[in-house]
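Please read it beside the sequence and coordinates.

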Amino acid sequence: MNFATIDWVIVVVYLAASMLIGLLGRKYVGNTAHFLVAGRELGTYIGIATLAATEIGTITFMYNSELGYRYGFAAFSAALISGIAMIFVGRTGFVIRRLRVLRLMTVPEYFEVKYSRGLRIVTGFLVALGGILNMGVFLKIEGEFLTVISGLNQKYLVATMIAILLLELIYTTVGGMISIVITDYLQYVLLSIATIIITIYAVHFAGWHAMVAKVTSVMGGDGFNPITAPKFGLSFLVWQMLLWLAIHTCWQTTAMRMFSTKSPEVSKRVMTWTGFIFLGRGMLPMLWGIAALTLLGHGALIGGVPQPVVHGQTLAPIDAMPAMLAMLLGPGIRGIVVAGMLAATMSVNSSYLLGWSAVISQDIIAPLRKQIGRPPVSDATQLLINRICNFAVGVFLIFWGLLYTPPGAVYLYLNITGTIFLAGAFVCVIGGLYWKRANTSGGYCAMLMGAAGAIIPFFFLHKSESFAGFAAFGLSAIGLLIGSMLGKSANTTAPERAAQIGEVQ
Amino acid sequence: MTGWGYFWGTWLLISGVAFAVITLVVAVKGFQDLRAMFAGLSAKERADK
């Protein structure tokens with residue numbers, strides 16, 4: 001066991017405080033808009049805190065450090081693209097400003113506003129499926145981090161992860177977005193402190209020049225140049241640009257923050273400043289991975305990279321970073337870092353729970369009821385449905401997360417599973433917002449061809465992630481163009497149609 | 001160190017400094033935003049009643 005008493009005290013105090021603060025949100029939940037988009041009351045700074053906390057989790061630190069360990073400084077290209085794309089979206093208001101003006105609560109809701117209820121349901125199903133499966137791997141990876149850094153016996157891992165998920169579930173189910181925003185603030189501050197501490201330790205103990213020398217000796221120029229690096233190359237970089245533009249505009253949990261801001265201008269500011277945080281969100285953990293390679297990379301070569309070895313035991317590259325932290329951090333500091341990582345875990349998981357369950361309740365159940373002619377439910381019943389969906393998603397995650405292990409580099413796996421729905425959603429949203437001719441036939445073609453473009457090449461033809469990513473976005477764009485040209489013209493803009501169906505709250 | 005080494009070193013420095021500075025600003029001003037959010041929600045609740 002690596003944990004001292006002081007470390008346990010810090011972690012338990014954090015968990016209790018987080019829980020109590022989260023429950024404070026309950027008294028402010030009056031209706032569904034309060035529950036899902038915090039009454040659209042988010043200002044710039046709390047918006048930055050909640051968006052950053054939502055998209056920075058232990059899973060983010062783990063997969064980014066794995067990328068750094070496996071591919072050296074060339075991996076920084078992915079982080080740079082994610083940050084620059086976010087700053088671009090924030091500065092220009094690309095997509096997010098127009099979506100915010102429509103006063104939506106979920107991304108698939110836009111599909112009914114612009115296209116049709118049927119397409120909203122199909123999109124809702126694809127978004128929820130892809131999102132929940134994507135999130136399904138989080139628990140396992142987060143569990144590995146906790147086990148390695150604390151030295152916890154493997155037999156307590158399942159119970160620990162279930163306890164953490166239950167704590168998140170309680171305050172998310174009770175207080176919705178308001179509770180999440182309050183806890184995100186605390187969690188953002190804590191996870192940032194942990195990030196800064198780890199970076200200082202990594203650079204101090206591994207040394208910048210030693211890290212550069214290690215990457216040079218193991219990978220040569222490919223460890224620095226993303227264009228010549230075998231796993232990357234130009235096609236990877238272009239796919240990453242498309243993917244990150246899609247994530248920053250159409251990813252449900254990110255979009256919900258934009259929908260929760262006070263105004264479209266606030267949403268642009270939040271996105272711009274969080275873009276700078278995204279540079280560090282990627283590059284700093286990648287640096288930890290390189291530090292781990294420098295300090296622990298002495299094992300047998302696999303794919304040209306030495307495996308991490310600790311006390312004679314060979315680990316997987318993804319476990320190198322927590323193993324390094326267990327070795328470097330002293331009592332007290334280790335507790336603060338783990339509390340910070342737990343904060344990161346809880347902020348991501350609670351937001352994702354709310355995001356995906358909101359899609360199920362708002363974009364599958366509610367429109368299906370309308371479709372079969374059932375009267376709309378009261379606000380109280382809608383809230384109850386949201387809470388039940390929240391709980392059901394949480395229970396599913398416990399089982400899925402503990403049973404399934406993703407193959408290969410986790411970052412690339414998460415990218416490709418996200419692309420299954422993001423390619424179609426991104427193309428449909430852009431087409432719907434900026435091209436009047438886009439219509440329902442085109443929307444169906446784009447969603448289905450985008451999903452097929454990601455699934456068939458990657459899972460059945462075993463092509464690279466970049467190839468599958470390109471295929472998904474390319475086919476989706478072709479689907480929207482051809483479907484819209486052949487189908488009946490919509491001849492209405494999204495705001496006009498929103499007014500027609502009286503959908504937007 | 002190659003040109004790429006200096007390139008990534010510079011971006012790393014920018015990202016580290018930006019991360020630390022924004023954290024500090026958000027920690028202070030985010031608390032004021034939280035209070036404003038509670039006030040706004042309470043006002044809406046009163047208006048609804």
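Are α11(A) and α14(A) roughly parallel or roughly perpendicular to each other? The model is a predicted one. In it, helix α11 (residues 208-219) of chain A packs against α14(A) at an angle of about 75°, and their axes lie 9 Å apart. An angle from 65 to 115 degrees counts as roughly perpendicular, and α11(A) and α14(A) are therefore roughly perpendicular to each other. On the α11(A) side the contact is made by A:Ala210, A:Met211, A:Lys214 and A:Val215, and on the α14(A) side by A:Ile290, A:Ala291, A:Leu293 and A:Thr294. By class, this contact of α11(A) with α14(A) has 6 nonpolar, 1 polar and 1 charged residues.

**The two chains**

Chain A has 21 helices and 3 strands. Its radius of gyration is 22 Å, close to the 23 Å that the globule rule gives for 505 residues, so chain A is as compact as a globular protein of that length. Among contacts in chain A between residues at least 6 apart in sequence, 85% join residues at least 24 apart. For chain B the count is 1 helix and 0 strands.

| Property | Chain A | Chain B |
|---|---|---|
| Extent along principal axes | roughly 65 × 50 × 40 Å | about 65 × 20 × 5 Å |
| Buried residues | 61% of 505 residues | 27% of 49 residues |

**Contact between the chains**

Chain A gives 34 residues to the contact and chain B gives 29 residues. On the side of chain A that touches chain B, the elements that give two or more residues are α3 (44-55), α5 (76-92), α10 (157-206) and α14 (264-296) of chain A. The residues of this side of chain A comprise 24 nonpolar, 9 polar and 1 charged.

**Helix α19 of chain A**

Helix α19 (residues 440-460) of chain A has 21 residues. From its first C-alpha to its last it reaches 29 Å, close to the 30 Å expected at 1.5 Å a residue. Is α19(A) mostly covered or mostly exposed? It is mostly covered, with 15 of its 21 residues buried. Just after α19(A), A:His462 takes a positive phi of about 55°.

Definitions and conventions: Residues are numbered from 1 along each chain as its sequence is written. Chains are lettered from A and ligands numbered from 1 in the order in which they are written. This is a predicted model: local features need pLDDT of at least 70, side-chain atom pairs count only at pLDDT 80 or more; totals for chains, interfaces and linings use all residues. Helices (H or I, at least four residues) and strands (E, at least two) are DSSP runs, numbered from the N terminus. A residue is buried if 20 or more other C-beta atoms lie within 10 Å of its own, exposed if 12 or fewer, and partly exposed in between; C-beta atoms are placed from the backbone. Two residues are in contact if their C-beta atoms, placed from the backbone, lie within 7 Å. Ala, Val, Leu, Ile, Met, Phe, Trp, Tyr, Cys and Pro count as nonpolar, Asp, Glu, Lys and Arg as charged, and the others, Gly among them, as polar. Axes are lines fitted to C-alpha atoms, for helices over the stretch in contact, and angles run from 0 to 180 degrees between N-to-C directions. Angles under 35 degrees count as roughly parallel, over 145 as roughly antiparallel, 65 to 115 as roughly perpendicular and the rest as oblique. The expected span of a helix is 1.5 Å times one less than its number of residues. The radius of gyration is taken over C-alpha atoms; the globule rule is 2.2 Å times the number of residues to the power 0.38.
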